[in-house]
Amino acid sequence: MDKINVGVVGALGAVGNEMIKTLEKSGLNIDELRPLDTFDNAGKVISFKGKQVGVKIAELNAFKGLDLALFSAGATASRMLAPIAIEEGAVVVDNSSAWRMVDHVPLVVPEVNPEALKEHKGLIANPNCSTIQMLVALKPLHSAYGIKRIVVSTYQAVSGSGIAAINELSSQTKNILENKKVDVSVYPHQIAFNALPQIDVFLENGYTKEEMKMINETHKILDPEIKVCPTAVRVPVFRSHSESINVELISDFSIGEVIKLLEESEGITVVDDIDNLKYPLAIEAEGKNNVYVGRIRRDSTIQNGLNLWVVADNLRKGAALNAVQIAEKLVEMNLHKKKKVKELV
């Protein structure tokens, strides 16, 4: 495999840090890893493959010599810096929401739609974390039986909001247990010992931005004909998102067939042994790469109805791992050298 140079923008954030850990274990032959972050973080040091690497500022001329640049610095930074990175020669894999719904930007989950990478023009978007794990679980079912409708409720960990949210849950929990005052900053309400049925802002239709992401991204990645009804909830869990998914399939199925299909599908681990109280748990998915599926049972209230419980590490498969897998696919398909700029800006 060719030696490549890889940059990570937002290297010191929760997802950026996970990207670097994932790159370290990936199949990519990395000659140079270039961690990039804000001015305040320039000069700090990260460890990569036993070496200490200095963090540089993500700015003009910072991307020269890079083959790939993995972004996890937020939508504003991505809109500003992604075109610069592409112009300076890098192919960008962006983890923010900035480019996901732009028509000519592929939105990719490697287990679901890797063929979309062939159409890239220098930029590939990483989907929303909750969408990624749902579609990894549902793609085999859609291929085998067809999906008519999805009703999904998410139970999302605070790490999806970054390090500040992790610290807030920790401090709130400690303060409550010690009968001290609870400060609320990251979320509109206390998150410790609570569940917030709001992720991101509310839109005119009553859904949140997070919920609309799941609808729009499912249509772009999997099938625009699938009806999707989501409710996104933030829960006091540090890491790993859980989802209750109800699916209305087009063709009939047996539970045994579904389990076998999921067990044989890439990126999925089935944990479904209710006799021994075994099912996917957030604490057991943490630090793991696969999407875990359990509580597989028929919904007898509708024709061809199926219920699933789906859990994945939101910082891994929901963000960093998916981006690195995209990078691996680009190199495998020799698409990391395909660069165009005019169509992006």
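**Entry: ground rules.** I'm working with a predicted model, where local features need pLDDT of at least 70, side-chain atom pairs count only at pLDDT 80 or more, and totals for chains, interfaces and linings use all residues. Residues are numbered from 1 along each chain as its sequence is written, and side-chain values use heavy atoms, with hydrogens and water left out. My helices (H or I, at least four residues) and strands (E, at least two) are DSSP runs, numbered from the N terminus.

Entry: I started with an open sheet of six strands, in the order 5-2-1-6-7-8 and with parallel pairing. Two strands pair if DSSP finds at least two bridges between them. At the edges I found strand 5 (56-57) and strand 8 (123-125), each pairing on one side only. Further in, I looked at strand 6 (residues 68-71) and strand 7 (residues 91-94), a parallel pair with four bridges. Ala 69 has Val 92 of strand 7 as its bridge partner.

Which strands does helix 1 lie across? I found helix 1 (residues 14-25) across strand 1 (3-9), strand 2 (29-37) and strand 6, at about 165 degrees to strand 1. Axes here are lines fitted to C-alpha atoms, for helices over the stretch in contact, and angles run from 0 to 180 degrees between N-to-C directions. Contact means heavy atoms within 4.5 Å.

Entry: Next I looked up an open sheet of six strands with mixed pairing, ordered 10-9-11-14-13-12. Strand 10 (227-234) and strand 12 (268-270) are the edges; each has a single partner strand, so one side of each lacks a neighbour in the sheet. Ignoring direction, neighbouring strands here are turned by 25 degrees against each other on average. I then checked strand 9 (residues 147-156) and strand 11 (residues 241-249), which run antiparallel and are joined by eight bridges. Val 152 stands opposite Ile 245 of strand 11. Helix 6 (residues 255-263) lies across strand 12, strand 13 (291-299) and strand 14 (305-312), at about 165 degrees to strand 13.

**Entry: the cores.** A nonpolar core is a set of buried Ala, Val, Leu, Ile, Met, Phe, Trp, Tyr and Cys residues joined through side-chain atoms within 4.5 Å. Buried means under 20% relative accessible area, exposed over 50%, partly exposed in between (1.4 Å probe, protein chains only). The largest core has 57 residues, and Phe 63, Leu 138, Ile 150, Ile 245, Val 293 and Leu 308 touch the most other members. Helix 3 (residues 129-145) gives the most to this core, with eight residues. Another core, of 33 residues, lies apart from it and includes Ile 4, Ala 14, Ile 124 and Leu 330.

**Entry: two helices.** I looked at how helix 3 packs on helix 5 (residues 209-221): the angle is about 45 degrees and the axes are 9 Å apart. Among the residues in the contact are Met 134 and Leu 135 of helix 3 and Met 214 and Ile 221 of helix 5.

Entry: Phe 193, in the loop between helix 4 (163-177) and helix 5, has a positive phi near 55 degrees without being a glycine. Is Phe 193 buried or exposed? It counts as exposed, at 57% relative accessibility. Leu 277 also isn't a glycine, yet its phi is positive, about 55 degrees. I found Leu 277 in the loop between strand 12 and helix 7 (282-285), and at 63% relative accessibility Leu 277 counts as exposed.
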